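Please consider the following assembly with attention to how its chains meet.

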Number of protein chains: 2
Amino acid sequence: MATYKEAGVDLAAADQAVERIRSHVTATWGEDVVGGFGGFAAGIKIPRGYAEPVLMMATDGVGTKAEVARRAGVFDGLGLDLVAMCADDLAAAGARPLAMTDYLAVGKLAPDWVEGIVASVAAACRQSHIALIGGETAEHPGVMEADEFDLAGAVVGIVEADAVIDGSTVRPGQAILGLHSPNLRSNGFSLIRRAVLPKIGLGEQLTEGTAAEVLLAGSVLYSPAIQRLLQAVTVAAMAHVTGGGIAGNLSRVLPANIDAEIHAESWRRPPVFAEVAEIGRIDEASMFQTFNMGIGFIAVVDEDRVAPAQQALEIESTLIGHTTAGSGKVLLRA
Amino acid sequence: MATYKEAGVDLAAADQAVERIRSHVTATWGEDVVGGFGGFAAGIKIPRGYAEPVLMMATDGVGTKAEVARRAGVFDGLGLDLVAMCADDLAAAGARPLAMTDYLAVGKLAPDWVEGIVASVAAACRQSHIALIGGETAEHPGVMEADEFDLAGAVVGIVEADAVIDGSTVRPGQAILGLHSPNLRSNGFSLIRRAVLPKIGLGEQLTEGTAAEVLLAGSVLYSPAIQRLLQAVTVAAMAHVTGGGIAGNLSRVLPANIDAEIHAESWRRPPVFAEVAEIGRIDEASMFQTFNMGIGFIAVVDEDRVAPAQQALEIESTLIGHTTAGSGKVLLRA
């Protein structure tokens, strides 16, 4: 007789994993969370005081950084990566993240290891003031290898209808602020796996640590800084620098009659980018199309608001360029 | 020189896929959707008229039904599966789904094939009155095979705080209504792959079609029926029958002093379940723990409200049991 467990789906292990993650998940819940753990869905009370509240959603995954994490056996940074990939997209539209769900697909459900990943997601949610109100751990035996996994998520947030930021108010002569990223965040890992990791081991010493430490460092969570920024100054446009790099993402929010001139030497570039380029023999243009190059988030503000904007952000930022009359292009200058 | 495209990530194909899915996605948008296609996040205006609105979220994937779909080259049902898995969990908590995001991980991004899957998700969203306001297609070269994929999603909905349904008002003597499912929905496919598919081809003729047709038939979307039900009668508890089957899911919403007596012969069981059991040599207990067995959703209502409940549902349902004083167990009786 065949059973689901013999088929590789272990419902008892799933129950055990659920029990282990319970305290991590509920630690993200404030008094505004409705519904218990283990129901079909949980909720969060919609904050009051909005005249015309809009719900916004964003979804993303950590990509094949998960595969590098698996090889290294290091999972701590993935929670920061997942929450950053989702919540910082939402923040770029001007929204305040409220709640999220995570989706973890695994070859074989090992409760220890699932607990570690979900704990890292929950910790990052707490740092971003997000309630983790749902999640799915799916066992895919025979499709994924036992220790293979994929991690994705979705976030919901709120914004006043007339406060949605879509770049439509960008004018020539505005300042482009770049928020620093000390590491790769969660993009470009297919290129890392193909061009870099065949040449060095994960234990190889790079400037700022071993390859595993440097490559797998968790993403900066920009959303809390962006919420402070939005309270302090008027922001014309924002971009979360993910796949496609600075140009690919900033161009998504530029009006058709505006260019963005970015001075690529204006910020201190963390050493990992030169090391990846050299080891992987990746040219500068490809590096800029694939990686954040040290700028993980961009905000466009009036030039006279640069100082209060930088103060509100608290995290490190640099004036990296200006908007000009143009045709919707991002121009990277040396 | 290495590039991202050589590493298997084709940003041009991604752009092309995005263009192809645009019309499918925006066809799910009503006038309440805010923000354009291709921004960092899109939104939906929160419906007015709620005294204390609660946002609810749910997330799920189609599991390894995706793997069977890949082998068969048949993807049409997956949109129904994804939307049902997410939205019907939300409906079980009493919420009305508003918007969702989808997450598609692929080995190699083939725009045609991605368009087909996203089109099926968008069509199912329209049937469930859900705006598809975000999505991610992630290419995982070297981790997934070229035509391997995984499909997950997340949904957000709204419910009045005092209308959240969590089973707390269930009393002895209430009626248990089972909503019919003509097929497997999106659970149990690891067992299907292990116990059934090694013995028959996907072209094998079963009672209601080929194995591919029968196994890959899309899920019924219960949420629209549940919204009608909630308008018509007071509902004490609901359960979406997914992994764990009728007992595993109904027990999630039973109070600790109530049992549910289910009469397993009370509904007409679609032939696929007997065929899967016979071909796969799966015993009755394992079948009930893994599959919906013809009942995909359950609602507990007062006995004198069975007729108006069934009328409001419109889709086929059967009185399959009653609640009794007990200890939180689901008792399956012959």
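The paragraphs below describe the interface in this predicted model, then the strands that take part in it and their pairing.

The contact between the two chains draws on 83 residues of chain A and 83 residues of chain B. Together the chains bury about 6100 Å², and carbon and sulfur atoms account for 64% of that area. On the chain A side, A:F40, A:L55 and A:M57 contribute 15% of the area that chain A buries against chain B, more than any other three residues.

Polar interactions also cross this interface. Between chain A and chain B there are 18 residue pairs in polar contact, counting pairs with both residues at pLDDT 80 or more. The side of chain A that touches chain B receives its greatest contribution from strand β3 of chain A, residues 53–61, which gives 9 residues. By residue class, that side of chain A consists of 43 nonpolar, 23 polar and 17 charged residues. As for charged pairs, 4 salt bridges are found across the interface of chain A and chain B. In one salt bridge, the side chain of A:E6 meets that of B:R194, with an N to O distance of 3.9 Å.

Which strand of chain B does β3(A) join? The partner is strand β2 of chain B, residues 42–45; the two strands run antiparallel and are joined by 4 bridges. Within this pairing, A:V54 has B:K45 in β2(B) as its bridge partner.

Strand β2 of chain A, residues 42–45, is likewise joined to β3(B), by 4 bridges and in antiparallel orientation. Here A:I44 lies opposite B:L55 of β3(B).

Strand β3(B) also pairs inside its own chain. An antiparallel arrangement with 9 bridges joins β3(B) to strand β6 of chain B, residues 149–160. In this pairing, B:D60 has B:G153 of β6(B) as its bridge partner.

Are the residues of β3(B) buried or exposed? Strand β3 of chain B, residues 53–61, has 9 of its 9 residues buried, so the strand is largely enclosed by the rest of the structure. The burial applies to both faces: B:P53, B:L55, B:M57, B:T59 and B:G61 point one way, B:V54, B:M56, B:A58 and B:D60 point the other way, and all are buried.

Methods
Residues numbered from 1 in each chain as written. Chains lettered and ligands numbered in written order. Predicted model: local features only at pLDDT ≥ 70, side-chain atom pairs only at ≥ 80, totals over all residues. Heavy atoms only, no water. Contact = heavy atoms within 4.5 Å. Buried area = accessible area lost by both parts, 1.4 Å probe. Polar contact = N/O pair within 3.5 Å; in protein donor to acceptor, adjacent residues only side chain to side chain. Nonpolar A, V, L, I, M, F, W, Y, C, P; charged D, E, K, R; others polar. Pairing = 2+ DSSP bridges. Buried < 20%, exposed > 50% of the residue type's maximum accessible area, 1.4 Å probe, protein only.
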